[in-house]
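Keep the sequence beside the view as you read.

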Amino acid sequence: MARIALITGATSGIGRATAEAFADLDFNLILCGRRQERLDELQEYLGAKTTVTTLNFDVRNWVEVYESINTLTEEWKAIDILVNSAGNAYGMSAIQDGEPDDWDQMIDGNVQGLLYVSKAVMPGMVTRKKGHIVNLSSVAGKETYPNGAVYCASKAAVEALSNGMRLDLTQHGIKVTNIAPGAVETEFSMVRFKGDKERADKIYQGFTPLTPEDIADSIVFAVTTPAHVTIADMTILAGAQAGAQTIHRK
Ligand code: 8X3
């Protein structure tokens, strides 16, 4: 029977690339996002390869998350793989100049959102005694950099949650993988810099950044290992990158 994967943040970046890679593996897909047109477009595109359903909800709203996931049929609810990919950075400045609204978005989306979706999915996995949760952290969760304190804190929380989930869920037959990408060229910097394209473009200049597909390859590797293997944690940096902000640019 085909495995069922639920992916949050599926309409762009790493989430979308993971959806494409999973479709190639014939996984049945529950694609979640906030932009209905993008979900429809993705359903039509990937529906040619595999069975796809979509859910439109905001991960930051527990009632929306719970009610939306509960609209799934019993068959779809038997989720084998949860990829918590939704998340973003908003603003980049010294902490004393940070905007509380930006902090809320990062903490609510990257931390609370991951918790809410996991809470809606984990009990079923525990009952079925199988499952795999893949959390998208960041190199920013492993090292804090200037002007990124809150984003880095939100990703450090993801690291702690991945470890905590693994400690609590392994005994129930559930694997937990933490994926920590470095510089990946997606809409990430455009969102972080609030549409300032010049500032966003600069992040990826002078070296070859990772692509969302590079990260999707690692996720595929993690979810296709045999039952006796758990990939607990992977940090994936660009070839020219040695740390979050240590990038060899030409
Ligand atoms: C994105 C990576 O280090 O540019 O999570 O913030 S970083």
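Start where Trp103, Met106, Ile107, Asn110, Val111, Leu114, Leu115, Ser118, Met122 and Val126 of α5 meet Val150, Tyr151, Ser154, Lys155, Ala157, Val158, Leu161, Met165 and Leu169 of α6. Contact means heavy atoms within 4.5 Å. Helices are DSSP runs (H or I, at least four residues), numbered from the N terminus. By class, the contact of α5 with α6 has 15 nonpolar, three polar and one charged residues. Ala, Val, Leu, Ile, Met, Phe, Trp, Tyr, Cys and Pro count as nonpolar; Asp, Glu, Lys and Arg count as charged; the others, Gly among them, count as polar.

This is a predicted model: local features need pLDDT of at least 70, side-chain atom pairs count only at pLDDT 80 or more, and totals for chains, interfaces and linings use all residues. Residues are numbered from 1 along each chain as its sequence is written, and side-chain values use heavy atoms, with hydrogens and water left out.

Now the geometry. Helix α5 spans residues 100-128 and helix α6 spans residues 149-169; their axes come within 9 Å and cross at roughly 15°. Axes are lines fitted to C-alpha atoms, for helices over the stretch in contact, and angles run from 0 to 180 degrees between N-to-C directions. The angle makes α5 roughly parallel to α6, a label for angles under 35 degrees.

Which side chains place an N or O atom by a ligand oxygen? For Tyr145, the distance is 2.3 Å. For Tyr151, the distance is 2.6 Å. A polar side-chain atom of Ser138 also lies 2.6 Å from an oxygen atom of the ligand.

Next, turn to α1. The axes of α1 and helix α2 (residues 36-46) come within 11 Å and cross at roughly 20°. That makes α1 roughly parallel to α2. Here Arg16, Ala19, Glu20 and Ala23 of α1 meet Glu41, Leu42, Tyr45 and Leu46 of α2. This contact has five nonpolar, no polar and three charged residues.

Helix α1 (residues 13-24) also packs with helix α9 (residues 212-223), at an angle of about 55° with axes 8 Å apart. That makes α1 oblique to α9.

Definitions and conventions: Helix = DSSP H or I, 4+ residues; strand = E, 2+ residues; numbered from the N terminus. Parallel < 35°, antiparallel > 145°, perpendicular 65-115°, else oblique. Polar contact = N/O pair within 3.5 Å; in protein donor to acceptor, adjacent residues only side chain to side chain.
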